[in-house]
Amino acid sequence: MAKEERKKDIIIIGGGVAGLTSALYAGRMNLSVLLLEAELVGGQIVNAYSIENYPGFASIQGDKLVETIQQQAESFGAVVDEFDKIIAVDFKAKPKIVETENFVYKTDAVIVASGMTRRKLALKEVDRYLGKGVHYCELCDGHMYQGKTIAVVGGGNAAVDAANFLMKYAKKLYVIHRDGAFNADEISQKRLRENPAAEVLFYTEIKELKGHPALASLLLYNNKTGEATELRTDALFVYIGLLPNTAMFKDLLKLDETGRIVAGEDCQTNIPGVFAAGDVRTKPIRQLTTAAADGTVAALLAEKYLQSLKEET
Amino acid sequence: MVKVYSIPNCPWCHKVKKYLEANHIEYTDFDIEADETARTECYRISGDLTVPITTIDGKSYVLSFDKPKLDALLGLQAS
């Protein structure tokens, strides 16, 4: 049986802050807006325990901020669907097509705000320990290690913030980073430094995961001294970088060498009527505020694009 | 009765519950951080404390948000 076809003014792919902001602006312009999210509405920040640098909020949990923006967008008529997965897109068709498991959506304007995905630990044995010591979500799984030894690998804000969060559970916490310094906010680093139960292992790489049936230790390598050691740990939380979610668009949109969509401050991609917003596009700074800014620009320019199409006919 | 074993602030737990609500399925939510009995039961069902766990009979269960498996467990029409 053929799928039902539905027409939308704007389809937004991705429900992080960029996508949600686009939905809010587009909704307020009385456009029919559909936002499709395959994983978690809120994207990267839904796991953020305490956001302290978003203007207007001294401190707010990531999921609460996301919930607020989503409710704002929905109050203006935007529809957020986090259960109907996209299976194919055709941005060269007129109108453009976004096919999901349940529907074929046709639209003249698309905003790609598909964000980033956590990079996985590149060790051949890692799958064996998934959920049995190796984790990617401190909010979800930190509780399993009350009073235990926890290791965190990574050197950016995600790793340091996760380490600070996990201190509420850990008897002892190690942060493992291959470089000699963190690339994280100083205030977060200070919190970590001042915690006596936390120990940082710089210039350190993980070479092997060991233990049966669950993770019990890590084989470590110090890339400055060449020393190899074994670290006993009950858990390893992984924050080693992000990859852009652009596989679906690689034959349609121009991507840079990192896989990000080439688009400037006007969020315009190489296809008229297709915009890229948030971390997924090429840009020097990636923050919540810049994601919200992109979402705004993309929605406003998408609306102008739709107007230009009407004027042509 | 559908049972969901979860913890607060777990985004995948929220997604499972939203999915049940969107499909008008009644469920009971068990917070395994606050409820020791629920924690023990969660471990008995799955051998682990990773959440969310969704179950009906306490034997077969679905870990996390796995839409095809949830649809099969709940008897929802496949999309």
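This is a predicted model: local features need pLDDT of at least 70, side-chain atom pairs count only at pLDDT 80 or more; totals for chains, interfaces and linings use all residues.
Local features need pLDDT of at least 70 and side-chain atom pairs count only at pLDDT 80 or more, while totals for chains, interfaces and linings use all residues. Residues are numbered from 1 along each chain as its sequence is written, chains are lettered from A in the order in which they are written, and side-chain values use heavy atoms, with hydrogens and water left out.

**View 1. The interface of chain B and chain A.** Contact means heavy atoms within 4.5 Å. By that rule, 20 residues of chain B touch 22 residues of chain A. The two chains bury about 1,700 Å² between them, and 55% of this lies on carbon and sulfur atoms. Buried area is the accessible area (1.4 Å probe) that two parts lose on being put together, summed over both. In chain B, the residues that lose the most area to chain A are B:Asn9, B:Pro11 and B:Lys15, together 31% of what that side buries.

View 2. The rule finds 4 salt bridges between chain B and chain A. A salt bridge is a side-chain nitrogen of Lys or Arg within 4 Å of a carboxyl oxygen of Asp or Glu. Helices (H or I, at least four residues) and strands (E, at least two) are DSSP runs, numbered from the N terminus. That side of chain B has 10 nonpolar, 4 polar and 6 charged residues. Here Ala, Val, Leu, Ile, Met, Phe, Trp, Tyr, Cys and Pro count as nonpolar, Asp, Glu, Lys and Arg as charged, and the others, Gly among them, as polar.

**View 3. The salt bridge of B:Lys18 and A:Glu82.** The side chains meet at 2.7 Å, N to O. B:Lys18 lies in helix 1 of chain B and A:Glu82 in the loop between strand 3 (79-81) and strand 4 (86-90) of chain A, so the pair joins two chains. B:Lys18 is partly exposed, at 32% relative accessible area, whereas A:Glu82 is buried, at 7%. Buried means under 20% relative accessible area, exposed over 50%, partly exposed in between (1.4 Å probe, protein chains only).

**View 4. The salt bridge of A:Lys3 and A:Glu99.** The N to O distance is 2.8 Å. A:Lys3 lies in the segment before strand 1 (4-13) of chain A and A:Glu99 in strand 5 (residues 96-100), so the pair ties together parts that are 96 residues apart in sequence. A:Lys3 is partly exposed, at 26% relative accessibility. A:Glu99 is partly exposed, at 24%.

**View 5. The salt bridge of B:Asp29 and B:Lys17.** The closest N and O atoms are 2.9 Å apart. B:Asp29 sits in strand 2 (residues 27-31) of chain B and B:Lys17 in helix 1, 12 residues apart. B:Asp29 is partly exposed, at 36% relative accessible area, but B:Lys17 is buried, at 11%.

**View 6. The largest nonpolar core.** This core has 37 residues. A nonpolar core is a set of buried Ala, Val, Leu, Ile, Met, Phe, Trp, Tyr and Cys residues joined through side-chain atoms within 4.5 Å. Among those with the most contacts inside the core are A:Ile150, A:Phe237 and B:Ile32. Helix 4 of chain A supplies the largest share, 6 residues.
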